[in-house]
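Student: I would like to learn how to read this model step by step. Could you walk me through it?

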Amino acid sequence: MSAQKTPNPIDVHVGSRVRLRRTMMGFSQEKLGEALGVTFQQVQKYEKGTNRISASRMQEMSQVLDAPISYFFDEAPGGTSAIEGGLQEADVQFTTDFLSTTEGLQLNRAFARVEDPKVRRKIVDLVKALADQQDE
């Protein structure tokens with residue numbers, strides 16, 4: 001009986017950031033795999049953290065996904081950037097989980113297109129009011 005090795009938390013985090021960026025860019029796993037010269041199954045393994053991403057592959061991935069390499073490590077476990085910035089680890093995980101949902105991505109994309117700061121503030125106020133109303 002072989003014991004399954006659990007993925008390193010950093011590999012899981014980097015994989016989740018790859019998935020987040022891929023979905024934000026509107027790429028399927030197959031499309032990303034084609035751009036990288038790997039199968040969609042390999043992309044799945046990268047995203048789950050079961051296969052580590054080599055340095056050269058990370059460089060390719062950052063170019064294909066139009067993101068700096070540091071993006072994939074932002075808020076990684078054991079890092080201090082998010083916590084120093086005032087976010088707790090649970091908040092960071094919640095945000096990552098939310099942005100991994102279809103609704104989260106749609107909301108994020110639509111919100112990013114709103115340029116007027118006053119309108120953006122009103123959207124935030126509306127969402128807060130709806131959430132508060134739901135709690136009643």
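Tutor: Gladly! Contact here means heavy atoms within 4.5 Å. In this predicted model, residues 24 or more positions apart account for 60% of the contacts in the protein chain with a separation of 6 or more.

Student: How many helices and strands are there in the protein chain?

Tutor: The protein chain has nine helices and zero strands. Of its 136 residues, 27% count as buried.

Student: How do I read the packing of two helices?

Tutor: Two packed helices are described by the angle between their axes and the distance between the axes. Take helix α2 (residues 29-36) and helix α4 (residues 55-64): they pack at about 120 degrees, and their axes lie 10 Å apart. Angles of 65 to 115 degrees count as roughly perpendicular and those over 145 as roughly antiparallel, so α2 and α4 are oblique to each other. Their crossing is right-handed.

Student: Which residues of α2 and α4 meet?

Tutor: From α2 come Leu-32, Ala-35 and Leu-36, which meet Arg-57, Glu-60, Met-61 and Val-64 of α4. The residues of this contact divide into five nonpolar, no polar and two charged.

Student: And where is confidence lowest and highest in the protein chain?

Tutor: Where pLDDT is low, the predicted coordinates should not be read in detail. Here the mean is lowest in helix α6 (residues 81-84), at 44, and highest in α2, at 96. Over residues 80-88 pLDDT stays under 50, and the model has six contacts beyond four places in sequence for them. For the protein chain, mean pLDDT is 82, with 83% of residues reaching 70 or more.

Notes: Residues numbered from 1 in each chain as written. Predicted model: local features only at pLDDT ≥ 70, side-chain atom pairs only at ≥ 80, totals over all residues. Heavy atoms only, no water. Axes fitted to C-alpha atoms, helices over the stretch in contact; angles between N-to-C directions. Helix = DSSP H or I, 4+ residues; strand = E, 2+ residues; numbered from the N terminus. Parallel < 35°, antiparallel > 145°, perpendicular 65-115°, else oblique. Left-handed = near helix turned anticlockwise from the far one by under 90°. Nonpolar A, V, L, I, M, F, W, Y, C, P; charged D, E, K, R; others polar. pLDDT = per-residue confidence, 0-100. Buried < 20%, exposed > 50% of the residue type's maximum accessible area, 1.4 Å probe, protein only.
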